[in-house]
Amino acid sequence: MANSFGTDIIFEAPDPRSAAAFYVEQLGFTITGDEPRMVSLHGEHINLFIERGPALGPVLEVTVASVEEAKVRLVQKGCEIVKDEPDFPRCYVRDPYGLIYNLTS
C-alpha cells in the first residue's frame, strides 16, 4: 500500500486572487497560474493551489496507485468523502483525525 505525499497543498477560498496576493506579498510565493477558479503559487519547498469555494482548510495531496481502491478502503476505515471529482480524477477525504487530503494517482 505505497503512497507518497506531494509538495502541493490545495485549499479553497471565496476569493482566490485575494488569498494569493496575501501569500505573494507576505510569504514570498510566486504566482505560476491564474485561472478563473484557481490560482497556482510556487514556493521554495511547497506549491499552493487556491480554488474558489468554501474554506475546508488545507488539503494535502497524496498520490496512490488507484484513487477508487483507496477511496473504498479509507471509507471502510472511518474516513468521510468531502468532495469527489472522478473526472479529474481526485477525491478529498477527511480522516477520523480531521486531516483532509486529496487522493490522486
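Start your tour at helix α2, whose buried residues have a cover that includes β5 (59–64), β6 (80–85), β7 (90–94) and β8 (100–104). Helices here are DSSP runs of H or I with at least four residues, strands are runs of E with at least two, and both are numbered from the N terminus. This is a predicted model, where local features need pLDDT of at least 70, side-chain atom pairs count only at pLDDT 80 or more, and totals for chains, interfaces and linings use all residues. Residues are numbered from 1 along each chain as its sequence is written, and side-chain values use heavy atoms, with hydrogens and water left out.

Next, select V67, A70, K71 and L74, which are buried in α2 (under 20% relative accessible area; exposed is over 50%, partly exposed in between, with a 1.4 Å probe and protein chains only). They sit on the same side of α2 because they cover an arc of only 105° around the axis, taken from the directions from the helix axis to the C-beta atoms. Turn to the other side of α2 and you will find E69 and Q76 exposed.

Now zoom in on K71, buried at a relative accessible area of 11%. Its side chain makes a polar contact of 2.7 Å with the side chain of D84 (a pair of N or O atoms within 3.5 Å; within protein, one must be able to donate a hydrogen and the other to accept it, and residues adjacent in sequence count only if both atoms are side-chain atoms).

Follow α2 to its end and pick G78, which comes after the helix and has a positive phi, near 100°.

Last stop: H42 in strand β3 (residues 38–42), partly exposed at 39% relative accessible area. Show its side chain with that of N47 to see a polar contact of 2.7 Å.

Definitions and conventions
Contact means heavy atoms within 4.5 Å.
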